[in-house]
Amino acid sequence: MITQPQAATTAPDPDEERRRIQTARLLAYRDDGPLVHALAGKIGKGFPPVPTTLLALLVVIALGTAGLLEGPMLFVAPLVVVLLVLPTAPRDHLGRFDWLTPPLLRGTEFLTMILVALAADAPKWLLFVLVYVVGYHTYDTVYRTRQSIWPPAWVFHAGLGWELRLLIIGAGAALGVLTPVLAVLTAYLLVLFAVESVTSWVRLDKASAQAGADAEQDLEASPEDAMEQATGEAEKG
């Protein structure tokens with residue numbers, strides 16, 4: 001009897017798999033939103049992420065220290081950050097220092113939020129809550145991915161991403177309505193991130209508990225029960 005040779009299955013390259021996971025993690029830590037995802041594929045290769053994000057951070061610091069954050073400039077500062085950092089999204093983030101991109105980007109986002117909100121006389125406690133909520137979301141994302149538990153993609157879109165959050169805050173400040181904008185944005189993100197995180201961890205705990213119960217039941221099964229089950233399955237076959 002002649003049989004056809006079966007095609008050999010190619011094992012994934014460990015180094016390539018490591019790079020893929022590293023890229024996926026760093027992109028998740030960036031917390032890009034719908035605007036970045038919509039434009040990332042249309043801007044070519046993109047800019048190197050670390051120096052470009054660092055430049056955006058320095059621009060924000062310069063605008064803040066020069067006292068230029070007033071009137072329309074309250075919107076210009078977030079807009080400059082978005083225009084500089086958005087083109088870094090297409091990069092694979094595999095450079096030697098590209099792991100610095102997420103903390104630089106989060107620091108730039110937080111600093112821009114704080115400077116714009118303070119310049120617009122927004123309530124400091126409300127600003128603190130917003131920074132805390134976004135910070136919690138970042139921590140939750142990092143903690144999950146380090147355990148190979150990936151947040152669903154829709155969370156990053158629903159969370160608006162760093163770019164839309166900055167543009168919304170800048171627009172609210174420039175129009176003189178930042179306090180209600182901050183209140184609505186903070187409440188929305190708080191409910192979204194808290195509910196999604198809690199439900200995800202509850203589902204994980206239930207799945208882990210069920211797996212543990214199944215394993216314990218298998219260990220407690222007597223040899224006679226195991227033999228009887230195996231015999232029954234063999235007779236059915």
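## Helix H8

Helix H8, in this predicted model, has as its buried residues Gly161, Trp162, Glu163, Arg165, Leu166, Leu167, Ile169, Gly170, Gly172 and Ala173, where buried means under 20% relative accessible area, exposed over 50%, and partly exposed in between (1.4 Å probe, protein chains only). Because 10 of its 14 residues are buried, H8 is largely enclosed by the rest of the structure. The end C-alpha atoms of H8 are 20 Å apart, which agrees with the 20 Å that its 14 residues should span at 1.5 Å a residue, the expected span of a helix being 1.5 Å times one less than its number of residues. Just after H8, Gly176 takes a positive phi of about 75 degrees.

## Basis of the model

Residues are numbered from 1 along each chain as its sequence is written, and because the model is predicted, local features need pLDDT of at least 70 and side-chain atom pairs count only at pLDDT 80 or more, whereas totals for chains, interfaces and linings use all residues. Side-chain values use heavy atoms, with hydrogens and water left out.

## Overall architecture

The chain has 10 helices and zero strands, and from the N terminus on its elements run α-α-α-α-α-α-α-α-α-α; helices (H or I, at least four residues) and strands (E, at least two) are DSSP runs, numbered from the N terminus. Of the 237 residues of the chain, 35% count as buried. Among contacts between residues at least 6 apart in sequence, 87% join residues at least 24 apart, a contact meaning heavy atoms within 4.5 Å.

## Helix H1

Helix H1 covers residues 14–30, and its 17 residues should span 24 Å at 1.5 Å a residue, which agrees with the 24 Å between its end C-alpha atoms. In H1 the buried residues are Thr23, Leu26, Ala28, Tyr29 and Arg30. The partners against which the buried residues of H1 pack are helix H4 (73–85), helix H5 (101–119), helix H6 (124–146), helix H7 (153–158) and helix H8 (161–174). After H1 comes Asp31, whose phi is positive, near 65 degrees.

H5 has 19 residues and reaches 27 Å from its first C-alpha to its last, close to the 27 Å expected at 1.5 Å a residue. Its buried residues are Thr101, Pro102, Leu104, Leu105, Arg106, Thr108, Glu109, Phe110, Thr112, Met113, Val116 and Ala117, and just after the helix Asp121 takes a positive phi of about 60 degrees. In the loop between H4 and H5 is found Leu100, which at 28% relative accessibility counts as partly exposed. Leu100 and Val50 are 50 residues apart in sequence, yet their C-alpha atoms are 6.5 Å apart in space.

Two packed helices are described by the angle between their axes and the distance between the axes. The axes of helix H3 (residues 49–65) and H5 come within 9 Å and cross at roughly 20 degrees, where axes are lines fitted to C-alpha atoms, for helices over the stretch in contact, and angles run from 0 to 180 degrees between N-to-C directions. That makes H3 roughly parallel to H5, since angles under 35 degrees count as roughly parallel, over 145 as roughly antiparallel, 65 to 115 as roughly perpendicular and the rest as oblique. On the H3 side the residues making the contact include Pro49, Val50, Thr53 and Leu57, and on the H5 side they include Thr101, Leu104, Thr108 and Leu111. Leu57, in helix H3, counts as buried at 16% relative accessibility. Leaving aside neighbours within four places in sequence, Leu57 is in contact with Leu104, Gly107, Thr108 and Leu111. The C-alpha atoms of Leu57 and Leu111, 54 residues apart along the chain, are separated by 8.1 Å.

The rings of Tyr139 and Tyr143 have their centres 6.0 Å apart and their planes at 20 degrees, so the pair is stacked. Both residues lie in helix H6, four residues apart, about one turn of the helix. Tyr139 is exposed, with a relative accessible area of 54%, whereas Tyr143 counts as partly exposed at 42% relative accessibility.

Ser197 has its place in helix H9 (residues 178–220) and counts as buried at 1% relative accessibility. Not counting residues up to four places away in sequence, Ser197 touches Tyr136, Asp140 and Arg144.

Technical notes
Rings of Phe, Tyr and Trp (its six-membered ring) pair if their centres lie within 6.5 Å; planes under 30 degrees apart count as stacked, over 60 as edge-to-face and the rest as tilted.
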